[in-house]
Amino acid sequence: MARIAHLSDIHFGANDPAIVAGTEAWLAEQRPDLVIISGDFTQRARVAQFKAAGDYLARLRAAGHKLLVVPGNHDIPLYDVVRRFGAPLVRYRRYISEDLCPWYEDDEVAVLGLNTARSLTFKDGRLNEDQISRIERLFTNVPATKTRILVTHHPLFAMPIGSGDELSEAVGRHEKAVTAVCQAGVRIALAGHFHRTYAEAARKMVEKAGSALVIQAGTATSTRLRNDEPQSFNWIHTHGLDDIELQVIVWGDGVFERANHIRYRYENADWQRSKA
């Protein structure tokens, strides 16, 4: 079994220090095998915000946590036009990570992170041809018994957001990305961006999406909430390829507490959910 904490959208510069400390306390107690943070480390990609985010990661590493991180659109400067187009992720690479396509593998899982943040878009994400080919290339030699996980900031699929029937924009080169995910045998697709928790079988969004389970994280520490959804992150347990537990860990009354707990089992070529 692999135990993964999936955080996203921590937004240093628009974060609550008490909630940041709460994530550290929770992770120190639970000791996940891997901590994934799927982008938006800062609010406006300023040096002080990146330093604060970098210090946070340094504390997690010092506590013994293994990390896999990818940037988000807020980690590219918005108003500094020269830096936005000339060196969009130079501060991310200095304070957070040099690796924009991180890879993690152990006896249970293989995890690939990809950068979907782009200078030319205000908030939407995109994958390039090299990244798409990398999905298939890196997962090719992974043993069939391991759970293959893809991490991006922007979700690969269009999905419901808000309280109505509005759908989010899919990541750029969506169709090619979905084909690669299917052929690579990706089992879990993790993302953030919308500050909302969500989980669903990919084929409910795209018919030919393979056997991936899409899992979205809310914002872990930002004070900018959407639809009154509190700060949260995901606690994921993989029991082989066909059995995944997802528990949402929610901030309330000064502490992170366990909330929704769903078990997903892959049966009859589809993900079936039940309360764990």
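This is a predicted model: local features need pLDDT of at least 70, side-chain atom pairs count only at pLDDT 80 or more; totals for chains, interfaces and linings use all residues.

Strand E7 (188–191) makes the greatest contribution to the lining of the largest cavity, supplying three residues. Strand E9 (213–216) also supplies at least two residues of that lining. Rolling a probe the size of a water molecule over the atoms shows where empty space is left. One cavity of 30 Å³ or more is counted here, and the largest cavity holds about 50 Å³ of space.

The residues that line the largest cavity are Leu150, Thr152, Pro155, Leu156, Phe157, Ala189, Leu190, Ala191, Val214 and Gln216. By class, eight of the lining residues are nonpolar and two are polar, with no charged residue among them.

The aromatic rings come next. A pair of aromatic rings is described by the distance of the centres and the angle of the planes. The structure contains nine aromatic pairs. One of them joins phenylalanine 12 to tyrosine 56 in a tilted arrangement, with 5.6 Å centre to centre and 50° between the planes. Phenylalanine 12 sits in the loop between strand E1 (2–7) and helix H1 (17–30), while tyrosine 56 belongs to helix H2 (residues 47–62), so the pair ties together parts that are 44 residues apart in sequence. Phenylalanine 12 and tyrosine 56 are both buried.

Elsewhere, ring pairs connect Trp26, Phe233, Trp235, Trp251 and Phe256 into a cluster.

Notes:
Residues are numbered from 1 along each chain as its sequence is written. Side-chain values use heavy atoms; hydrogens and water are left out. Rings of Phe, Tyr and Trp (its six-membered ring) pair if their centres lie within 6.5 Å; planes under 30 degrees apart count as stacked, over 60 as edge-to-face and the rest as tilted. Helices (H or I, at least four residues) and strands (E, at least two) are DSSP runs, numbered from the N terminus. Buried means under 20% relative accessible area, exposed over 50%, partly exposed in between (1.4 Å probe, protein chains only). On a 1 Å grid over the protein atoms alone, a cavity is a set of points where a 1.4 Å probe fits but cannot get out, and a pocket is an open set with protein on both sides within 12 Å along at least five of seven lines; lining residues have an atom within 4 Å of a point. Grid points are joined across faces, edges and corners, and a volume is the space filled by probe spheres set on the points. Ala, Val, Leu, Ile, Met, Phe, Trp, Tyr, Cys and Pro count as nonpolar, Asp, Glu, Lys and Arg as charged, and the others, Gly among them, as polar.
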